[in-house]
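Hi,

Here's the structure I promised to pass on. Have a look at it first, then read my notes below.

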Amino acid sequence: MSVFSKAQETNYIEKISQYLYTRGFRKAVVKTYTEKTDRTNVIYLFVIIEENERALIGSADIAVSDVRLRSHVINMLGLKEGEPLDLIEIKRKMERLIKHLKKNGRIFVSASEPVVRYDSQKNTGDISIKIEHERPVKVLIKGNKTMPLKMIKERLLNLIDSQEKLDIDFIRYEMTEFYRSFGYYFVEVGVRIKRKMNYDHLIIEIEEKNPVIVKGFEFEGNKSFNSSILSEVIQTYMDELFPQESAFEQVKYQEIEYGLLMSDVNYRLGYQRRKSVEKD
């Protein structure tokens with residue numbers, strides 16, 4: 001073990017001082033000193049912390065456009081006047097707040113870092129936090145028959161969460177591709193937004209035109225494996241309700257396991273539009 005240097009001791013003082021500062025101890029004093037021991041290269045490091053009076057919350061300024069949301073935010077963050085000032089705990093509560101608001105439809109909610117103006121005479125801190133994009137978005141999905149609604153909603157919310165604003169064309173394209181990845185080549189996805197008084201109503205209209213069914217497999221250029229093995233590999237993954245990986249990817253993995261590292265799997269998917277689509 002190496003002996004602590006003065007530089008390391010100073011580093012500890014800075015870290016602990018900063019930690020106490022974020023906990024509201026604005027005048028805390030941290031000191032260190034070392035004592036040698038009878039063992040070579042071993043010392044005792046003593047840390048002395050003098051905690052002065054802890055700062056309290058003087059006021060909380062929450063900037064949100066929805067007035068009704070303000071009191072809810074203040075309560076969730078615990079920003080009551082006279083309570084101990086603790087920025088670490090406030091930031092933890094802010095993370096839970098954002099998750100809570102998103103869960104309740106406020107998709108684009110974001111919060112600024114809390115700014116504290118400290119009054120040394122009164123030993124209080126005035127906290128300012130700005131919350132943006134808190135307008136709720138309600139989702140309505142129409143026309144869904146076969147795809148699990150939970151899967152559609154999860155995909156949809158992930159799409160919305162990745163955007164800065166609601167982009168109808170982007171959502172329509174991504175949802176169409178999402179369906180096609182599961183064999184719905186003739187799906188039609190309509191997306192529109194209704195502006196309500198206190199929220200945006202996002203309406204997804206899905207017309208499912210029956211998924212493409214695989215009737216059989218044809219392998220060209222196959223030399224190392226017999227067709228029944230490859231058919232079994234593909235069929236295993238095609239039979240699952242919603243395979244997470246392409247069946248053709250699984251064929252690649254199967255060949256790699258047998259040492260065919262240079263193997264390349266190409267596939268073509270042939271399909272024909274049903275004539276009785278209107279009656280389905």
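A quick definition before we start: helices (H or I, at least four residues) and strands (E, at least two) are DSSP runs, numbered from the N terminus. Bear in mind that this is a predicted model, where local features need pLDDT of at least 70 and side-chain atom pairs count only at pLDDT 80 or more, while totals for chains, interfaces and linings use all residues. Residues are numbered from 1 along each chain as its sequence is written, and side-chain values use heavy atoms, with hydrogens and water left out.

Start with D86, which sits in the loop between α2 and α3. D86 is buried (under 20% relative accessible area, with a 1.4 Å probe and protein chains only), at a relative accessible area of 12%. A polar atom of the D86 side chain is 3.2 Å from the backbone nitrogen of E89. Leaving aside residues up to four places away in sequence, D86 touches T22, R23 and R54 (contact means heavy atoms within 4.5 Å).

Now the helices on either side of that loop. The axes (lines fitted to C-alpha atoms over the stretch in contact, with angles from 0 to 180 degrees between N-to-C directions) of α2 (residues 67-77) and α3 (residues 87-103) come within 9 Å and cross at roughly 135°. The α2 side of the contact includes L69 and H72, and the α3 side includes I90 and K93.

Further along, the axes of α4 (residues 149-161) and α5 (residues 168-180) come within 11 Å and cross at roughly 140°. Among the residues that meet there are M151 in α4 and F170 in α5.

Cheers

Conventions. Buried means under 20% relative accessible area, exposed over 50%, partly exposed in between (1.4 Å probe, protein chains only). A polar contact is a pair of N or O atoms within 3.5 Å; within protein, one must be able to donate a hydrogen and the other to accept it, and residues adjacent in sequence count only if both atoms are side-chain atoms.
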